[in-house]
Structure formats: structure tokens, C-alpha cells
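Here are my notes on how the two chains meet. Please read them with the structure open.

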Protein chains: 2
Amino acid sequence: MNELRRDYVKNRWVSISSALGWKPKDFPTMKVSAEAGQSGFCPFCEGNEEVTPPEIAAFRKEDSQVNGPGWLVRTIPNKFTAFSMEGSLEERKSGVFHRCNGLGKHEVVIETPLHGIDFHDLDMEHMEMTVAMFKMRYNDLAKDERLKYIQIYKNRGMFGGASLGHTHSQIIGLPFVPQENAGLIQYYKDHGECLICTMLKQELEAEERIVYQDEHFVVFCPYASRFAYETWIVPKRHTEHFGDIAEPEEKALAVLCKRISLAVVSSLNNASYNFIINTAPVVKSPYEPGYHWYMEFTPRLLVSHGFEIATGVYMNPVPPETAASTIREALSE
Amino acid sequence: MNELRRDYVKNRWVSISSALGWKPKDFPTMKVSAEAGQSGFCPFCEGNEEVTPPEIAAFRKEDSQVNGPGWLVRTIPNKFTAFSMEGSLEERKSGVFHRCNGLGKHEVVIETPLHGIDFHDLDMEHMEMTVAMFKMRYNDLAKDERLKYIQIYKNRGMFGGASLGHTHSQIIGLPFVPQENAGLIQYYKDHGECLICTMLKQELEAEERIVYQDEHFVVFCPYASRFAYETWIVPKRHTEHFGDIAEPEEKALAVLCKRISLAVVSSLNNASYNFIINTAPVVKSPYEPGYHWYMEFTPRLLVSHGFEIATGVYMNPVPPETAASTIREALSE
């Protein structure tokens, strides 16, 4: 199969091909360890709280002290960041040289005090607390009127861009709305309905790319997957903001985070991956309808190459129908 | 320095930061060899012509035979591709499932018959023939009315997406115009002038990001560089299509390809990189003004991570002012 498929979220074409017939083990980055060698001192480990900036939030054992040991999930400012919440947004323009200050907030969610536990190894208590922390931080950051968009994401493994081995996620509050998902607004304008709801309906009818579903979520490899084995977790309930996730959904999402991350690493030879949570901007006005939050797992089996950088057209050597069958099988094991 | 800069070509913000203070040796991908281990049989070597598809074009020694040894630069179809020139473009749409056949042409330009010679090692004869081959293939592909855009690019090293060690570039003729450089059209609509010409003027005035200039080209690290040490080679003459490059420009470009690729690998610890040639679509109508061809070298020192995938906002830890000074110094050595 060789075809181009339209990605309506990104408003781009994706090239889908099975010409190479690649199986998980055939990807070149597999030949390099997915985990950059980690040794020596880890600032994210329990007991090393004094070397990180003071915590922003934490779930802790009852008798433990703020900024001391005894935490279960802990959020701290990212020390190595281009963003800081100083002052207000200042934009300066001189012809085509146009800049603004790096106003924003960058946080790290450390999902376990233990080194060597991977995200997919977390017990359900930690996984639930991680999802609860995401929600709590999202809703807290949303209160700051200087922030317009909140991006939650994880970099796992060397080819996912991870720089520290101790499992953690990141949250960035941005002073502008990125245009990456502008297709959602466009689709709503053109059709008067939610693109993600429409996709859900069509994917469920088509069946072949569905990985799993429960009461609250559908898991599938989308029709126009940019990445090999790309897998989405989409809430059935039309909800714009991740921060509006309901409690039963939180629990269900925690279960899926565990199961999908485990299925990805087990079926894809311990692959690097990212997950990202797509959500509506937190801008109050002008209000633009069309968003529907969802979570996206992107395994990182190939580095992006010149053609993708030049054209924005991704080349995916694994049809999502094949990908769904691989992830589905791993899930049932 | 922590700031966001506006990339008018891509219509996106780029985050530029010197907070990490990273020197070339500090990038994590440096710790892995830039070249995937290559051993055994190479289909691109002289003498192995029978295992590749028949050549499309070649510069050859006078007494040599087509599809035999004796070539200097050789262009063949890419066997491992999602594109083929069978029939015409067929688009099919069913709700949000929208696809077209992989109509297109994918070629490989092998820049030397010798294995183990890197792009920056090419002698000037091969470098000039490579540029001449790019021009010849561009103008030939442009004649096919089914093709709308021609992308010339190189993947060098493992983190540039190279899959074969024998140095080569690639050319893809696409059945649609990618939207990646739509900012050029937008700028022309808004200002009635060419964005690239305007950038050239402002960069020359500002001076600090200029790496080099000669009669025909300006080399600089652009104000809103997405990649650390990103370096552009821009023709001074406003020319939309790469295929319209004049002979003295061809010669000058060959010299710059040699010098810039050498400066990149020598100053950046043998970095992986891509180069891409941005150019106007070959669509005859509707004609959209605003394009100006240029060549872009993108060193690949960091893999893209979750935040970049999610938002399209690149994080560049090396201010282009620093980058220009590094590349300038390497160039003068």
C-alpha cells in the first residue's frame, strides 16, 4: 500500500506505505539503546529534594514534610527551560525581526520517587496520582491569564528526547496558542461539528484501526497516523479541556496509560516514545469552538529526515491498520 | 537569553535560549556515532550498477556505458519509496477519511562512485556535477504536469535519517504543494515584497548572524533558527525556482556546499545534518508570488521531543548569533 492520507488536525498530507514491509525490529533506531546511559547522581530521586527548586505540588505520605522525602508524585519547576513567569508579555518588532520574551511556565512531574521504575511499571496508585496531578496543574495554570495554552507531554527514551532516566512528564504554559491543531477549528467552521467526534464515529464504524474501548475512551491508531504505531486515547464524551476530565474518566485514563505504554514498549522492542495531551486553549476570548482533548502516544522509531523537515509531510512506513493489530495483540497478552 | 522569535516562513514561534549554555560537545546525540555502522555490500558503489534500477541520468567518463561503471555522479529511482508515477492523481474521500494515491517520483543522486567519501570530502568536480545534476533533474521533473513541487534534500548521519552510508541526496516530485513555506506567500500578500529579500537586507544590516558572503550568495544563521546551528545559503538574486539558477551561481553554490558542510561537521563534532532546497512550486497556475529559492543546512544535534511534536514550536538552545560565530570561525580555518 502506497497512499497519501489527509491529516485534518494538522491540515497536511501524510504518506503511508507498506512498501518496506517493516516489522518493529527493522527500525534503525532500535539498534541503539532506547535509554541513554544513566549513572551517578539523580536529582529526581527521593532524598535529593534539596537540589531541585522548591516543589509546586506533591502527593505525599501523611507524615512527610514539604520539600523533603516521603512524596509519591512531585511537581517542581523545570530548571533548564526557556520560559519564566517574569512580568508580562512584551512583543517587539523590527521589520521581519519579531520577538517576545519567554514568558511561560515549565514544570516537571516526577511520577515516582524510585529510580529505575519506568512509566509503564508504575503501580495503579502512582498512575492515578500522575493523572490527578496533570489535572490539578492544568487547572491551576489555567487561572493565570497570561497563559494561553497548556501542553502536557512526556519524552521517553533517547529518541523521544529524554535527557534524564528517572521517569517524569513535563507541563509548559505558553503565552500564545500554537497553530498545530488549527485544523480542529477549521473543521468546525466548515462542518459545524467536532472533528474528533466525527473521527471517533468513523473509526468505530471502520473498526480495523480500533485497539480497544471501554466506557469512557476509544483507543485507536488514526487513519492518517504521522508516526509508525501512533496510538490515540480519545474520550467518548465531547470535552474541550483536559482540565474538565471527570473522576471516572481519570481512573479509566490511568488504566489506559498503564496498558498502552506497556503495549508500546513490549511490542516495539522497548521503543522510545512521547505522549502529548492535546487540549483547547485556555484563552477566555475570543472563544473558538472545535477542540476536543485527547492523548496521543507517538513511538519514535525513525528520526525525522530532510523531506519531513522540508515539507511537513511525514512518511509512515507502517499502515495504521497493521499498527492497530500489533498494539491490540500486545494489549491482550 | 530566553525569547520567542517569529518564523515568518513557517508562521510559527521558535523558542531561543542560551540558558543551557550548550557547546557543540554537550549535545546528547553526539554521544552516539553519527554514522550507523555500515558493512558489507553497498548497492551505490561503482561496479554494483546491476542491483539498482536503471539509471535516470549520469555524468560519465567518455568511454563508459549506461548502467555500467565509469560514472561520476549517478541518478537512479529510489526503490524504497511510497511514490510511483503510475496513472494520474486519484483522490477519494469518505467523511474524514481522505486519501490519494502515492503519485510522485522519488530519485537518488549518488554523488560519488567511491564508498567512504563523505559529502564534504567531494572534490570540486564532483560537487559541481552534483549541483548540476540537481538542476537538471529539477528542470526535467518540472516538465511533468502531474508534479506540483520538487523537493531536493540530503540526510547525513544516523540522526539525519540516513539509512545508507554511501553519500547521496534525494529528490521527490510531489503531486501537491506542501504548505510548509506558505508564510512566503502570506508575506508577499501582506507586504507586496519578497520575505527572503527582506530578510537578506535586514540580516546584512544586522551583521551579527552573517557567516559569509560572495558575489552571488549570503550565508547566515537566520534570526528565528529552528535548529541549533541552522545555516542558510541564500541567492542574492531574487529567483523563485531553483531550476533557474544561473551558471556562475551553480559554481558558487558548489563551493559553498563544500565549505559549509565541512564547517558543520568539523565544528559540530561530526554532526548528523540535513540539507534541503526550498523553492517555488512548479504549478503553472494559479501562480502565487512570494517564493525565493534557498538552501538550508539543519544540523541534527537534538531529536525532536514531545513539546515540539505537540505544538510545532521548536526549542533551540543555541542563539543563532552564537551559531554564526561558530560556523564563521570553522569556515576561516
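**Notes on the interface of chain A and chain B**

1. Leu4(A) stands opposite Cys100(B) in E6(B). The strands involved are E1 (residues 2-7) of chain A and E6 (residues 97-101) of chain B, which pair in the antiparallel sense over three bridges. Strands (E, at least two residues) and helices (H or I, at least four) are DSSP runs numbered from the N terminus, and two strands pair if DSSP finds at least two bridges between them.

2. The model is predicted: local features need pLDDT of at least 70 and side-chain atom pairs count only at pLDDT 80 or more, while totals for chains, interfaces and linings use all residues. Residues are numbered from 1 along each chain as its sequence is written, chains are lettered from A in the order in which they are written, and side-chain values use heavy atoms, with hydrogens and water left out.

3. In chain A, 70 residues are in contact with 70 residues of chain B (heavy atoms within 4.5 Å). The two chains bury about 5,800 Å² between them, 68% of it on carbon and sulfur atoms; buried area is the accessible area (1.4 Å probe) lost on putting the two parts together, summed over both. Val96(A), Phe97(A) and Ile309(A) supply 13% of the area that chain A buries against chain B, more than any other three residues.

4. Across the interface the rule finds two salt bridges (a side-chain nitrogen of Lys or Arg within 4 Å of a carboxyl oxygen of Asp or Glu). Glu3(A) forms a salt bridge with Arg99(B), and the closest N and O atoms are 3.4 Å apart. Helix H3 (residues 195-206) of chain A gives the most to the side of chain A that touches chain B, with six residues.

5. Chain A can be laid on chain B with an RMSD of 0.0 Å by a turn of 180° and a shift of 0.0 Å along the axis, which is the relation of a two-fold axis. The superposition is by least squares on C-alpha atoms of residues with pLDDT of at least 70 in both copies. Of the residues of chain A, Val303(A) comes closest to the rotation axis, at 3.5 Å (C-alpha).
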